[in-house]
Amino acid sequence: GLGVCGLGMALLFAIYSAPDLALTQIMVESLIVVLLVLLLRRLPTIRKLGGPGARAGRSALALAGGVLMAFVTLAASSVTLPGDASSFFAEASWPLAKGRNVVNVILVDFRALDTFGEIAVVAGAAIGVVALLRGLRRNRDTQ
């Protein structure tokens, strides 16, 4: 389910002309699914934790969290944003960033930390997968 939701988000990014976000989403989502599968294989067997009262409490907590996130989503969707972003970037690319190519200026100057964050997330996920695969290989060699 997690992989399908992530790929659906990547499809939405691609439809709304954000191929860089779509590719990052696909890469991160694929790596996360691989990591979860590797981790779930290593988990111990499931034990029953608590009785019916504990289950009801956990259900109430999950329901409260869902309601809270629904209200946050509704509140965020009612915020009005100022003006047209494309006209701002077209007008501000030369005076603020001294660049004539608006797309490059957006990626390098205006969204530099966002682009750096995407690269850091992909690199971190890749390092995690490599570490897990090496750990699995060592466990097979010792058995």
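Hi everyone, let's start at one residue: E29, which is found in helix α2, residues 19-42. Before I go on, please keep in mind that this is a predicted model.

So, is E29 buried or exposed? E29 is buried, because its relative accessible area is 7%, and the cut-off for buried is under 20%. Which residues does E29 touch, if we leave out those up to four places away in sequence? The answer is L2, G3, G6 and L7.

Let me step back to the whole chain. How many helices and strands does the protein have? There are 6 helices and 0 strands, and reading along the sequence gives you α-α-α-α-α-α.

Now for the overall dimensions. The radius of gyration is 22 Å, whereas a compact globule of 143 residues would come out near 15 Å. If you turn the model onto its principal axes, the C-alpha trace spans about 60 × 45 × 25 Å. The protein exposes about 11,200 Å², with carbon and sulfur atoms supplying 71% of that area. As for contacts, take those between residues at least 6 apart in sequence: 48% of them join residues at least 24 apart.

Next, please find helix α4, residues 85-97. Where does α4 bend? The bend is at E91, by about 35°, and a proline, P95, follows within four residues. After α4 comes K98, and its phi is positive, near 60°. While you are in this region, have a look at W94: R100 lies over the face of its ring, 4.2 Å from the ring centre.

The structure holds 3 aromatic pairs, and I'll show you two of them. A pair of rings is described by the distance of the centres and the angle of the planes. For F88 and F89, the centres are 5.2 Å apart and the planes sit at 65°. Why is this pair called edge-to-face? Because the angle of 65° is over the 60 degrees that the label asks for.

The second pair is F89 with F110. Here the centres are 5.3 Å apart and the planes are at 50°, so the pair counts as tilted. This pair links distant parts of the chain: F89 belongs to α4, F110 belongs to helix α5, residues 102-110, and they are 21 residues apart. Put together, ring pairs link F88, F89 and F110 into a cluster.

How accessible are these rings' residues? F88 is partly exposed, with a relative accessible area of 43%. F89 is partly exposed too, at 22%, and F110 counts as partly exposed at 30%.

Let me finish in α5, which is also the place of V103. Is V103 buried or exposed? V103 is exposed, because its relative accessible area is 53% and the cut-off for exposed is over 50%. And how far is V103 from G66? They are 37 residues apart along the chain, and their C-alpha atoms are separated by 38 Å.

To recap, we began with the buried E29 in α2, went past the bend at E91 in α4, visited the cluster of F88, F89 and F110, and ended at the exposed V103.

Note on methods
Residues are numbered from 1 along each chain as its sequence is written. This is a predicted model: local features need pLDDT of at least 70, side-chain atom pairs count only at pLDDT 80 or more; totals for chains, interfaces and linings use all residues. Side-chain values use heavy atoms; hydrogens and water are left out. Rings of Phe, Tyr and Trp (its six-membered ring) pair if their centres lie within 6.5 Å; planes under 30 degrees apart count as stacked, over 60 as edge-to-face and the rest as tilted. Buried means under 20% relative accessible area, exposed over 50%, partly exposed in between (1.4 Å probe, protein chains only). Helices (H or I, at least four residues) and strands (E, at least two) are DSSP runs, numbered from the N terminus. A charge sits over a ring if NZ of Lys or CZ of Arg is within 6 Å of the ring centre and within 35 degrees of the ring normal. The bend at a residue is the angle between axes fitted to the seven residues ending there and the seven starting there. Contact means heavy atoms within 4.5 Å. The radius of gyration is taken over C-alpha atoms; the globule rule is 2.2 Å times the number of residues to the power 0.38. Accessible areas come from the Shrake-Rupley method with a 1.4 Å probe; for residues, only the protein chains shown count as cover.
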